[in-house]
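Please work through the exercises below with the sequence and the model at hand. Each task is followed by a solution in steps.

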Amino acid sequence: MRKILFSTLLSLLLPMTASAYDAEINGIYYNFSGDEATVTYKNTNYNSYSGQVVIPSSVTSNDKKYSVTAIGEQAFYSCKGLTSVIIPNSVISIGTRAFNNCQKLTTVDLGDKLTSMGDYAFQDCQLLESISIPGTLKLIPEEAFENCFALASVTLNEGIEEIGNGAFYDTDALTEITIPVL
């Protein structure tokens with residue numbers, strides 16, 4: 001009796017399991033909340049993206065338009081073939097470990113409206129060459145660019161108030177830091 005009950009219960013629950021995303025639009029995975037979209041990953045195997053990814057400022061799903069405002073935690077985690085990312089001005093938040101371990105990522109355009117970035121956001125992006133941090137971001141978080149061995153140039157725009165512990169740890173190629181003149 002218990003075996004039959006367990007089997008029946010399991011068969012009822014299986015269809016209720018959710019995927020890691022609400023919709024896939026032009027090769028990018030999203031979750032929706034209200035009128036906003038967050039970029040996410042395909043499944044827990046990660047490695048959902050490769051090549052150049054251009055994130056749009058808005059997407060339409062089921063005849064509803066969503067503003068793309070965030071890149072979720074681990075959205076691009078361990079995407080071994082990802083080479084460049086262009087993030088629109090609509091994105092104000094990048095989650096923890098969002099681009100962690102993207103070993104072939106060389107260029108990132110953060111847009112100019114970013115207000116928050118999670119810890120370890122670009123950690124272990126070994127080929128990332130340069131980064132320009134928008135002035136809307138007040139805190140460069142803990143270990144954000146740790147082990148970015150090729151990172152040679154960082155531009156800090158007016159507005160940066162704090163740099164977290166180890167934010168640029170083990171970036172031996174870093175030879176140029178541009179700081180705004182106040």
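The exercises concern a predicted model and proceed from the whole chain to single residues.

**Exercise 1. Determine how many helices and strands the protein chain has, and what share of its residues is buried.**

Solution. Step 1: the protein chain contains one helix and 15 strands. Step 2: of its 182 residues, 40% are buried. Step 3: the accessible surface amounts to about 9900 Å², and carbon and sulfur atoms hold 50% of that area. Step 4: among contacts with a separation of 6 or more, 34% link residues 24 or more positions apart.

**Exercise 2. Identify where pLDDT stays under 50, and state how that part should be read.**

Solution. Step 1: the average pLDDT of the protein chain is 90, and 89% of the residues reach at least 70. Step 2: over residues 4–18, pLDDT remains under 50. Step 3: for this stretch the model has zero contacts beyond four places in sequence. Step 4: where pLDDT is low, the predicted coordinates should not be read in detail.

**Exercise 3. Decide which residues of strand β11 belong to the covered face and which to the uncovered face.**

Solution. Step 1: in a regular strand, side chains alternate between the two faces of the sheet. Step 2: in β11 (residues 130–133), Ile131 and Ile133 form the covered face, whereas Ser130 and Ser132 form the uncovered one. Step 3: β11 pairs in the parallel sense with β13 (residues 153–156) over four bridges. Step 4: the bridge partner of Ile131 in β13 is Val154.

**Exercise 4. Find which side chains meet in a salt bridge, and explain which parts the pair ties together.**

Solution. Step 1: the whole structure has one salt bridge. Step 2: the side chains of Lys64 and Asp35 form a salt bridge, at 3.4 Å from N to O. Step 3: Lys64 belongs to strand β6 (residues 64–71) and Asp35 to the loop between β2 (28–33) and β3 (36–40), so the pair ties together parts that are 29 residues apart in sequence. Step 4: Lys64 counts as partly exposed because its relative accessibility is 33%.

Methods: Residues are numbered from 1 along each chain as its sequence is written. This is a predicted model: local features need pLDDT of at least 70, side-chain atom pairs count only at pLDDT 80 or more; totals for chains, interfaces and linings use all residues. Side-chain values use heavy atoms; hydrogens and water are left out. Buried means under 20% relative accessible area, exposed over 50%, partly exposed in between (1.4 Å probe, protein chains only). Helices (H or I, at least four residues) and strands (E, at least two) are DSSP runs, numbered from the N terminus. Two strands pair if DSSP finds at least two bridges between them. Contact means heavy atoms within 4.5 Å. Accessible areas come from the Shrake-Rupley method with a 1.4 Å probe; for residues, only the protein chains shown count as cover. pLDDT is the predictor's confidence in each residue, from 0 to 100. A salt bridge is a side-chain nitrogen of Lys or Arg within 4 Å of a carboxyl oxygen of Asp or Glu.
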